[in-house]
Amino acid sequence: MSISFETMSAIRFGYGYGAGPARYTAASRDDLLSQLEAGAKQPLAFMPDGVPAWTALVADLRQRGIDLDKVRKSMSEADFVAKNKAIRQEMYVHGRQAVRNRIAHSVVSPYGFYERLSYFWVNHFSVSRDKRPIMAVVVPLYEAEAIRPNISGQFSDLLKAAILHPAMVIYLDQFQSVGPNSKAGRKKDVGLNENLGRELLELHTMGAGSGYTQADVRNASLVLTGLGISKDFSELAFRPESAEPGQHVVMGRAYGGPKRKVEDISTMLDELAMRPETARYICGKLVSHFISDTPPQEIVDGMVSAWNSSNGNLGSVYAALLDHPLSWAGEGQKAKLPFDFIVSTMRALGFDEKRLAEKPARRAPKQAEGMDMNSMDSTGSMAPEPAMEDMSETMSGTMERPKKEKVAANMPYDEIAREATGRLGQNFWAPPSPAGWNEDFSTWVSPGQLTERIQLVRDLTAQVGSERDPKDFLKQTLAEAAHDNTITVVSRAPSKQVGVMLTLLSPEFNRR
Amino acid sequence: MVATLSRRAFLATGCCLAAAPLMTSATFAAMPGEKRLVTIMLRGAMDGLFVLQPYADPLLKVLRPSLSSMPGEGIVDLDGRYGLNAMMGDLLPLWQSGELAFVQSVSTPYRDGRSHFDGQDMLESGGAFVNNEKTGWLNRTLDSIPKSGQRLAVDVGRSSELILSGPNEVDVWSPSSNLRGKDDEIAAITALYKPDPAFAAAFSEARNADSAVDSIYGDERSPTETIEVAKFAAAMLNREYRIANFSISGWDTHADQLRAFKRPAKELVSAVLTLKQELGPKNWANTVVLVMTEFGRAVRQNGSLGTDHGTGGVAMIIGGDVKGGRVIGKWSGLKDEDLLDGRDVAPTGDIRELAAAMLYRQFDLTPGDLNNKIFPGLDFSKSSAFLV
């Protein structure tokens, strides 16, 4: 059966169908493109009180660290370590909650195309919350204010927003890079750090092997000197005393002068954004992401000409992607990465905000070792009460004693999802390198990956799967993309749970 | 309605009773009674003809050359007519002591479809046809038990079960260990990936890999999880709970049944023996364990040494004071003209009537409630052949 526009757009440019509020069927290319505006307007679940409040949170946490440092000498080392750890802990707690909310945002958003693009760009301009503790709260802010608002405008604006954000400046050590001949460089034993300069050319704009040289990398790094962040890490700061004076030539263009300004950097970024290598690299990467590991050149060509005629307007580039007939053919060449697999699984199972925040009626297996009923009350939450010991006492004989270390609360579904992103190899906002996550098919269709997916889906369907009729679920989830074999195997499943499980494990659901 | 097992409720009753023995009798007096019911759902359709083999009928060997046996080989003689599959041989002492009865040729009113989903729905909802009832019959039962204001049923297992779902609050508890893939689940995933070489290769490697993956698909499958489930159910029944339900899956033995049957069979036997042991003589005497499956399997073995979906099947009644040691229900026979659609054991009894009989026996439910509220359209009476 041929696949309808709605189904193809859901599979290839979204997260597949959902049963609940996330169900959004795009009837046309314009429908899909209209998501760009609508998606950007949506309040962000991971910035519950808005961007300014989160910025203040970052500043506050950082400031408390600075204040603690100031009085360090007046306290014992143990006291300092404990207090310092408490601040760090707070950062992690906020950061972890943000990841849960970030996943939830994609699960419930009707604008799958916008969500997919947001992910693409966060991955393109990778930063990691693992870089240092404060990044646990800086990275969510980065996605919220640097990436999401800019993914449909000019590429140069997105590039500047990403590179000139504290998250990137911290992640690629830029704030520690000092021009050797700058005032600061002459005074102290510090020097140039090429990290950001290199990734800017290799990963963010022109792409590896596109013709730049080591001299370009070094000079770009020199142009970037002076780029730093405010003391509270909440905003960008330009420090002329660290900026390498003079003109530095990158790809034949000179930036800077005797007195260095932040505009030198933004001009360089603007011009790198407009390079033909950049257009080709980015367009190819978009096609690789959405269509195939070996992107059809025709689609890339169409996007590059849209790029050129719009001065790098990303909305026009996406439109060109959607306009090419090859973008609507040959589905199933890409492997769904774990994050998208988890999001689309939760969507398929019909999770909404309310349900995501709930705890399963039955505990997730990882937490359920031993007879740890004493960790639960009727709402399933932790209720440490003194009577606990009584119980383990009287339970012995008939049952094992509770294993203390396993007495974790049973998790709400959004935490199950967060935990799963890690187990499946995609700890969100913590990619393995500045290159982000590899998207190759063979990386993600592996024995270990399948094992984890089977376990996750088995656990989730054990909770909610038997509520669904597998045949309806299959129809709703895969529509006419379902292969005959899958339809047959699902219809013969030994139980409803297994039927729903098989749908989510099917090649069609795991490919796109 | 399903509520996570309440620790407070637990503390307020069973556990603290043990801690404060003086309160015991008073609290127990408030309980609706001493009778208990455990339902065990065998998901995937247990092959009744493989469990309870009418070995005296020479047709059995003709229909099932590889899946039938003689006493001393793969079965243990029960009564000169039937043999119990040796994989469940550890149940023999219960048969000998009259604590185990088999119920022959039963099924739900479900016909023709042979779909696990519909079959299990019918079995659990207790309806007369597919989608007749949206709630579980065991849940509806709670309405009709006197003084059932407090929770007294517990649903044990990893997935929510229709049989106990409905408006009445039921406690749920899930066992600890990671549920490993059953053979039928693994077979289904294998079939799912058959046309896709990349997924097929990855899955096959996952199954072959030792170390970490072995814990999921390893051959050393001990029934520890089922034992834990049964222990828990018994512990709850030893307190104020009177109804417990759990499932054992893995019965969908389309291929290599001699091997695939071993694990679920072992789990069922372990569950039953654990219940008896943990309940102790006094409570065991007040307990009925009703073992049911959604339907039986076809009488002829198939081309891959397994069996396909059928209709009539076998149920079991086990407990301290059941009148066991016998096969109840009218055996319909294996001759061509005796079979349903020329392929299945023809059902001679409605498994809902068996369930109704157990509810009547254990909880004094009126035939009116049983025939109207719990199993709509059923014709159960006090003279039911299933009342044992």
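**Exercise 1. Strand β11 of chain B**

Strand β10 (residues 287-293) of chain B pairs with β11(B) in the antiparallel sense, over 4 bridges. Find the residue in β11(B) that is the bridge partner of B:Val291, then work out which residues lie on each face of β11(B).

*Solution.* The model is predicted: local features need pLDDT of at least 70, side-chain atom pairs count only at pLDDT 80 or more, totals for chains, interfaces and linings use all residues, and side-chain values use heavy atoms, with hydrogens and water left out. Residues are numbered from 1 along each chain as its sequence is written, while chains are lettered from A and ligands numbered from 1 in the order in which they are written.

Step 1. Helices (H or I, at least four residues) and strands (E, at least two) are DSSP runs, numbered from the N terminus. Two strands pair if DSSP finds at least two bridges between them.

Step 2. B:Val291 has B:Met316 of β11(B) as its bridge partner.

Step 3. Take the other pairing. Strand β6 (residues 100-107) of chain B runs antiparallel to β11(B), and 5 bridges join them. Here B:Leu100 has B:Ile318 as its bridge partner.

Step 4. Sort the faces. In a regular strand, side chains alternate between the two faces of the sheet. One side of β11(B) carries B:Gly313, B:Ala315, B:Ile317 and B:Gly319; the other carries B:Val314, B:Met316 and B:Ile318.

Step 5. Check burial. Buried means under 20% relative accessible area, exposed over 50%, and partly exposed in between (1.4 Å probe, protein chains only). In β11 (residues 313-319) of chain B, 7 of 7 residues are buried.

**Exercise 2. Strand β7 of chain B**

Which strand do 4 bridges join to β7(B), and do the two run parallel or antiparallel?

*Solution.* Step 1. The partner is strand β9 (residues 243-249) of chain B, and the two run parallel.

Step 1. B:Val154 stands opposite B:Ala244 in β9(B).

Step 2. Now the faces of β7 (residues 153-156). B:Ala153 and B:Asp155 point one way, B:Val154 and B:Val156 the other, and all are buried.

**Exercise 3. Helix α4 of chain A**

At what angle do the axes of α4(A) and α19(A) cross, and at what angle does α4(A) pack on α16(A)?

*Solution.* Step 1. Axes are lines fitted to C-alpha atoms, for helices over the stretch in contact, and angles run from 0 to 180 degrees between N-to-C directions. Angles under 35 degrees count as roughly parallel, over 145 as roughly antiparallel, 65 to 115 as roughly perpendicular and the rest as oblique.

Step 1. The axes of α4 (residues 77-108) and α19 (residues 413-423) come within 9 Å and cross at roughly 100°. The two helices are therefore roughly perpendicular.

Step 2. From α4(A), A:Arg96, A:Val99, A:Arg100, A:Asn101 and A:Ile103 meet A:Asp414, A:Glu415, A:Ala417, A:Arg418 and A:Thr421 of α19(A). These residues divide into 3 nonpolar, 2 polar and 5 charged. Ala, Val, Leu, Ile, Met, Phe, Trp, Tyr, Cys and Pro count as nonpolar, Asp, Glu, Lys and Arg as charged, and the others, Gly among them, as polar.

Step 3. Look at A:Glu415. A:Glu415 is buried, at 7% relative accessible area. Not counting residues up to four places away in sequence, A:Glu415 touches A:Arg96 and A:Arg100.

Step 4. α4(A) packs on α16 (residues 338-348) of chain A at about 55°, with the axes 9 Å apart. That makes the pair oblique. The contact is made by A:Arg102, A:Ile103, A:Ser106 and A:Val107 of α4(A) and A:Phe339, A:Val343, A:Met346 and A:Arg347 of α16(A). By class, this contact has 5 nonpolar, 1 polar and 2 charged residues.

Notes
Contact = heavy atoms within 4.5 Å.
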